[in-house]
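Hello,

Here is the model I promised to pass on to you. Have a look at it first, and my notes follow below.

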Amino acid sequence: MPKITYIEHNGTAHTVQVPVGKSVMQGAINNNVPGIDADCGGECACATCHVYIDAAWLDRIGLPVPGSQEASMLSFAAVTQPDSRLSCQIEVADDLDGLVVRMPEGQH
Amino acid sequence: MNQDSRHIVIAGAGHAGGSAAAMLRQMGWQGAITLIGDEPIPPYQRPPLSKAWLQGEATAESLALRPATFYPEATIALRLATRVTGIDRTAKTVALSNGESLSYDVLILALGARARRLPLPGADLDGVLELRSAADADRLKAALQPGARLAVIGGGYIGLEAAASARALGAEAIIIERESRVLARVACPILSDFFHNFHRGQGVAIEVDAQVAALDGANGRVTGVRLGDGRSIPCDAALVGVGAIANDELAAEAGLACGNGIVVDLAARTSDPAIFAIGDCTSRPLPLYERTGRLESVPNALEQAKQAAASICGKPQPAPEVPWFWSDQYDLRLQIAGMPFDTTEIAVRGDVDAGKFALFHLTEDGTVQAVEAVNASTEFMGGRRIIQRRKRLTRARIADMSVSMQELAA
C-alpha cells in the first residue's frame with residue numbers, strides 16, 4: 001500500500017499507508033492527520049483540504065487544469081502557492097508511494 | 001486536575017459529535033472519550049443521503065466519517081444504539097437508555113435536530129417518510145422504484161434534492177409547497193424561480209400556495225396527499241421535508257439556557273462551563289452579523305466541533321467563519337456563502353438562463369452579506385472572502401464580467 005507523508009505547518013510529519021484509489025484527502029482524514037479539514041467531504045466544493053505538493057512530486061502530480069473547478073476553488077483558498085492542490089482531487093496510485101505533501105498554515 | 005484522568009462524554013454521534021471526538025485527539029487530548037449515538041452505525045456524512053446515497057452512487061464505507069477501525073485505534077469508546085436520556089449537572093453524570101449512568105468531567109452535547117412532523121390526519125401511514133438518517137434514506141430509496149410516484153411535501157433543499165434523485169431513478173415527483181415559491185425561507189425569489197423552472201424542465205410537477213389537509217391511505221399505506229382545496233394528489237410514497245427542530249429538550253430539562261436551540265458562545269460553551277454544545281442543536285452567535293441563530297449545516301458542525309475541542313484542550317480559538325451551505329441537484333451545484341440579513345438589493349453576476357450565475361445580496365450601504373452561486377465556484381469562493389472582509393461593492397461593478405472575481409475580492 002502506498003505510503004504518504006503529510007507534514008503539518010509546524011513541521012510535524014505523519015507517514016501513513018493509504019489504499020490505492022482513495023484520495024490524498026481521505027488518507028489524512030482516515031488517519032486523523034491534523035491540518036486537513038475537508039468540510040465538504042471530497043466534493044471539491046470548499047477548498048479546505050489544500051496542500052502543497054513536494055517539489056520532487058510536482059511533475060508526476062501536476063497542477064490543476066486551468067479553468068477547472070479545482071483551479072477556481074484554489075484561486076481563493078487561504079495562502080496558496082504555485083504548488084497548491086486540493087488533496088481530494090489527487091487519487092492515490094502505486095506510483096505515488098512515498099508522496100510528500102505539506103499543509104498550509106490554515107484551511108480557512 | 002491531570003488531563004489524563006478526565007473523561008469527556010459526547011452525547012450524539014452525528015457529524016458534529018464524531019468530528020469533535022476526532023479533533024480532540026488531533027489537538028492532543030489524552031483523557032478518555034466516550035461517544036454515544038442512538039443510531040446503530042458509526043458517525044457518517046448526512047449530505048449525500050438525499051443525493052449520491054439515494055442514487056446508489058455512495059457506499060456505506062464512503063459515507064462513513066472515518067473508518068470503523070479509527071475509533072478503537074484512537075481509543076474513543078463508541079457506544080452505538082444508545083441514547084442519553086438525562087443529565088445530572090450536580091453529580092456530573094448522564095443517564096443512558098440502557099439504564100446505565102456515566103460520569104463526565106466535560107460533556108459535549110451534539111444532539112442534532114429532528115424532522116418536523118405534520119400534525120395532520122394520516123401522517124403516521126406507512127410510506128409517509130422523512131429524511132434525516134441513513135435508515136430514512138434506505139426507506140426512501142426502496143420507495144423510489146422506476147415509475148413510482150413520490151409526493152414531496154415542502155419545497156426546501158431536502159425536498160428539491162430528493163425530487164432530483166427521484167427523477168434520476170426514473171420515479172415521478174411532485175413538490176407541494178405551502179408558500180408562493182420553492183425555497184421560500186432559504187433563498188431569494190430569483191433563485192426560487194431558477195430552481196422551479198429547472199425542476200419543471202426535468203419533469204417534476206410543482207404545486208405552490210398549496211396547503212396539505214391530510215394524507216390519504218388504504219390498508220395502512222399512503223395513497224395520496226389531500227390538499228386544502230379538496231384535490232387529492234395520488235402517490236406511492238410521501239416525503240415530508242418541512243424543516244427541522246433542534247433537539248434541545250435534554251439541555252432544557254437540565255436547566256441550561258435554551259431558545260430555539262441550546263445557547264452557546266463562540267467557544268461552543270453552554271451556560272454550564274463543564275458542558276459544550278455543537279451542531280444543529282445550538283443557537284449560536286453569528287459575529288459577522290451581530291446576531292444569534294441556528295445553523296443547520298455541516299460546516300457549522302465542524303466549526304463548532306473545532307471551537308469546543310480548542311476550548312477543552314486550551315488551544316487558541318479558530319477565527320469565526322462565514323457560514324456556508326451547499327446543495328447538489330441534477331448537474332447544478334448551488335453554493336451559498338453568508339446570510340442575507342438586512343439586504344435591500346441583489347446584484348446578478350453571470351447568466352441566469354445559462355445556469356451559471358451568482359446573486360450578491362447587498363445592504364443599503366453596499367456591504368455584501370451573502371452570495372448564492374449556481375455552478376459558479378469562483379464567485380462563491382470570492383464571495384466568501386468579500387463577506388469576511390465586510391467589503392462594500394456596487395451592483396454595476398459586481399455585474400461587470402470584465403472585472404474578475406479576484407479584482408472584486410481584492
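To begin in chain A: which residues point one way from strand β3 (residues 50–53) of chain A, and which the other way? His50(A) and Tyr52(A) point one way, Val51(A) and Ile53(A) point the other way, and all are buried. Buried here means that 20 or more other C-beta atoms lie within 10 Å of the residue's own, with 12 or fewer counting as exposed, anything in between as partly exposed, and C-beta atoms placed from the backbone. Helices (H or I, at least four residues) and strands (E, at least two) are DSSP runs, numbered from the N terminus.

Before going further, please note that this is a predicted model, in which local features need pLDDT of at least 70 and side-chain atom pairs count only at pLDDT 80 or more, while totals for chains, interfaces and linings use all residues. Residues are numbered from 1 along each chain as its sequence is written, and chains are lettered from A and ligands numbered from 1 in the order in which they are written.

Back to β3(A) and its partners. Strands pair if DSSP finds at least two bridges between them. β3(A) pairs with strand β4 (residues 84–86) of chain A in the antiparallel sense, over three bridges, and there Ser84(A) is the bridge partner of Tyr52(A). Two bridges also join β3(A) to strand β5 (residues 99–102) of chain A, again running antiparallel, with Ile53(A) opposite Val101(A).

Next, the interface. In total, 16 residues of chain A are in contact with 25 residues of chain B, contact meaning that the C-beta atoms, placed from the backbone, lie within 7 Å. On the chain A side, α1 (24–30) and α3 (69–74) are the elements that give two or more residues; α3(A) gives the most, with three.

As for chain B, its secondary structure comes to eleven helices and 26 strands. Its radius of gyration, taken over C-alpha atoms, is 22 Å, which agrees with the value near 22 Å for a compact globule of 410 residues (the rule being 2.2 Å times the number of residues to the power 0.38). Of these 410 residues, 47% count as buried. Contacts between residues 24 or more positions apart make up 60% of those in chain B with a separation of 6 or more.

- Helix α8 (residues 298–313) of chain B is mostly covered, with 13 of its 16 residues buried. Gly314(B), which follows α8(B), has a positive phi near 70 degrees.
- Strand β22 (residues 324–329) of chain B has six of its six residues buried, so it is largely enclosed by the rest of the structure. Trp324(B), Trp326(B) and Asp328(B) lie on one side and Phe325(B), Ser327(B) and Gln329(B) on the other. β22(B) pairs with strand β23 (residues 332–338) of chain B in the antiparallel sense over six bridges, where Gln335(B) is the bridge partner of Trp326(B). The two strands form a hairpin with two residues between them, and Tyr330(B) in the turn has a positive phi of about 55 degrees.
- Ala173(B) sits in strand β11 (residues 172–176) of chain B and counts as buried because 27 C-beta neighbours lie inside 10 Å. Leaving out residues up to four places away in sequence, Ala173(B) touches Leu150(B), Val152(B), Ala163(B), Ala166(B), Arg167(B) and Val204(B).

Best wishes

How values were computed: Two residues are in contact if their C-beta atoms, placed from the backbone, lie within 7 Å.
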